[in-house]
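Visitor: I am new to this structure, and I would like to understand the words used for it. Could we take them one by one?

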Amino acid sequence: MTGTARRVVTGHDANGKSVVISDGLPAQDHPMRGSAVGADFFEIWNSSEAVPALTSEPEGEPALRPFTIMPPSGHLIRIIDIYPARLGGHRTVMHRTRTLDYAVVIEGEIVLVLSDSEVVLGPGEVVVQRGTDHAWENRTDKVTRMAFFHIAAEFSDELLAKLPQPLELME
């Protein structure tokens with residue numbers, strides 16, 4: 001399960017016929033098991049455009065960019081393998097991002113830690129994370145695999161009035 005994240009990218013040939021452009025590992029991954037994060041990040045695809053242009057072939061490899069937690073604009077998808085303590089994993093720091101995130105548990109179990117509560121999630125379960133302060137922790141003895149869909153977002157004035165200032169965001 002861990003260590004790889006196959007990616008199939010489709011496109012169009014000269015006649016407009018649908019074809020596979022690439023099939024294999026993403027061009028870049030971000031192993032962080034030995035760090036304070038205790039997880040491996042596999043960047044699958046991203047776009048800085050709010051509405052991406054669908055072209056015959058992508059103009060370049062979007063995953064070849066410096067690592068950031070959230071997209072500066074647009075969206076990104078990544079697969080993350082979150083390691084338990086016995087394999088070098090750690091609870092992430094509490095953090096907030098300026099994104100709307102869909103976090104899907106593919107395999108294993110994970111604890112979503114919020115300011116006032118914790119939620120245990122298993123395979124097939126989804127978190128819709130809306131700019132809240134949160135952390136993740138794998139309290140099992142096996143690696144947990146999740147898919148994260150990050151979409152750049154903005155905080156409303158109503159919400160900003162409730163949040164601590166200055167607003168600290170993880171980039």
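Guide: Phe148 is buried, with a relative accessible area of 5%. Please keep in mind that this is a predicted model, in which local features need pLDDT of at least 70 and side-chain atom pairs count only at pLDDT 80 or more, while totals for chains, interfaces and linings use all residues. Residues are numbered from 1 along each chain as its sequence is written, and side-chain values use heavy atoms, with hydrogens and water left out.

Visitor: Why is Phe148 called buried?

Guide: Buried means under 20% relative accessible area, exposed over 50% and partly exposed in between, with a 1.4 Å probe and protein chains only; Phe148 has 5%, so the word buried applies.

Visitor: What makes the pair of Trp136 and Phe148 edge-to-face?

Guide: Rings of Phe, Tyr and Trp (its six-membered ring) pair if their centres lie within 6.5 Å, and planes under 30 degrees apart count as stacked, over 60 as edge-to-face and the rest as tilted. The centres of Trp136 and Phe148 are 5.6 Å apart and their planes stand at 85 degrees, so the pair is edge-to-face.

Visitor: Why do Arg6 and Asp23 count as a salt bridge?

Guide: A salt bridge is a side-chain nitrogen of Lys or Arg within 4 Å of a carboxyl oxygen of Asp or Glu, and the closest N and O atoms of Arg6 and Asp23 are 2.7 Å apart, so the pair qualifies.

Visitor: Is Arg6 buried or exposed?

Guide: Arg6 has a relative accessible area of 62%, so Arg6 is exposed, whereas Asp23, at 46%, is partly exposed.
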